[in-house]
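Visitor: Hi! Could you walk me through a structure, one piece at a time?
Guide: Happy to. Here it is.

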Amino acid sequence: MRTTTGWQATGPTGLRRTSLERRDLRPDDIAVRVDYCGVCHTDLHALRAYDEQAKAPLVPGHEFTGVVTGTGREVTTFSVGDRVAVGNIVDSCGVCAMCEAGQENFCHSFPTLTYGGTDRQDGSATLGGYSREYVVRDAFAYPLPSGLDPAAAAPLMCAGVTVWEPLRSLGVGPGSRVAVAGLGGLGHLAVKMAVALGATTTVISRTQDKRDDARKLGAHDLIASTDTQQMATARDTFDVVIDTVSAPHELAPYLKLVAMDGTLSLLGYLGPVTVEAMDLLVGRKKLSSAGSGGRPATAEMLRFCADHGIAADIEVLPSSQVDTALDRLRRNDVRYRFVLDMSDLD
């Protein structure tokens, strides 16, 4: 086994620095020195649900960048010293219809998650990127284009690909009209990507307070969801509405904004929802969702971001301040993504 250092959960609200074990390299593995790891709302949810009596330890972190420090004997796509990025999926069955279609994120036997998952070969629990080293199958690591800053690119591997998937699958491009509800970790990247794809892009926020921020990100307009007149004026306007709001909320107001044959893509809140059929019927509107992305889409997203200068707006903290980052994230005190610098684990 290989030994590294990382941050392991001690309960629902705390982590401690500790020694971690990684597997010895299999033939198709690479070892990655983790340099930067994004802090995701999923990390908060995992910690909140964590039982300190659980048999498997919890080490969060599923969007990170780093450098290859070792390769298995069959690896040909990476060499020591290469810059790489890893997201929230590190394996899949590889043989189901979804995997064969390049949608490993929808693997019929469920993809192996970067943390909190089960290794498909030895049954061990996967431990995440809040650590100095990660061992991963080479097929689930991605070359990090030279044009991308490694810290600002880390959130692309979760937040970025999560919004990229529906934007691409729904055909967003020049002439498209896109609205993005919620201007957080997901939303700000959705705005940047929609604008770069050529869409006329509008932000939907509770108030006008984020108008300047929306403009700086490239948005053409902002609609306050609490302004009934603005919402009424925008009825049947958008081909795609990307809903990144993470708390439970009514979908009807957003469906009213969708144009005929358009789509509301629900990305932020993934719990039970209630929809009136008439809100879909009038205008032949569609309700969809998406999660993460398969290997082809993830690689495409990274190339697109490099070509268009897209990365997350981040605040970098040393990994020793992980509890501070998580506490501030709970209070939505970040614009728009925390990234941990893991070099203090040396």
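**A strand, a pocket and a helix**

Guide: Let's start with a strand pair: strand 3 (residues 29-39) and strand 8 run antiparallel, with 5 bridges joining them. Keep in mind that this is a predicted model.

Visitor: Which residue of strand 8 is the bridge partner of Ala31?
Guide: That's Val135.

Visitor: And is strand 8 enclosed or open, would you say?
Guide: Largely enclosed by the rest of the structure, because 4 of its 5 residues (residues 133-137) are buried, meaning under 20% relative accessible area.

Visitor: Switching to pockets: how much space lies in the second largest pocket?
Guide: About 340 Å³. Its lining has 22 residues, and those nearest the centre are Arg23, Ser124, Ala125, Thr126 and Leu127.

Visitor: Which strand gives the most to that lining?
Guide: Strand 8 again, with 4 residues. Strand 2 (15-22) and strand 6 (89-91) each supply at least two.

Visitor: What about the lining by class?
Guide: There are 9 nonpolar, 9 charged and 4 polar residues.

Visitor: OK, new topic. How many residues of helix 5 are buried?
Guide: 10 of the 12, so helix 5 is largely enclosed by the rest of the structure. Among them are His188, Lys192 and Met193.

Definitions and conventions: Residues are numbered from 1 along each chain as its sequence is written. This is a predicted model: local features need pLDDT of at least 70, side-chain atom pairs count only at pLDDT 80 or more; totals for chains, interfaces and linings use all residues. Side-chain values use heavy atoms; hydrogens and water are left out. Buried means under 20% relative accessible area, exposed over 50%, partly exposed in between (1.4 Å probe, protein chains only). Two strands pair if DSSP finds at least two bridges between them. On a 1 Å grid over the protein atoms alone, a cavity is a set of points where a 1.4 Å probe fits but cannot get out, and a pocket is an open set with protein on both sides within 12 Å along at least five of seven lines; lining residues have an atom within 4 Å of a point. Grid points are joined across faces, edges and corners, and a volume is the space filled by probe spheres set on the points. Ala, Val, Leu, Ile, Met, Phe, Trp, Tyr, Cys and Pro count as nonpolar, Asp, Glu, Lys and Arg as charged, and the others, Gly among them, as polar.
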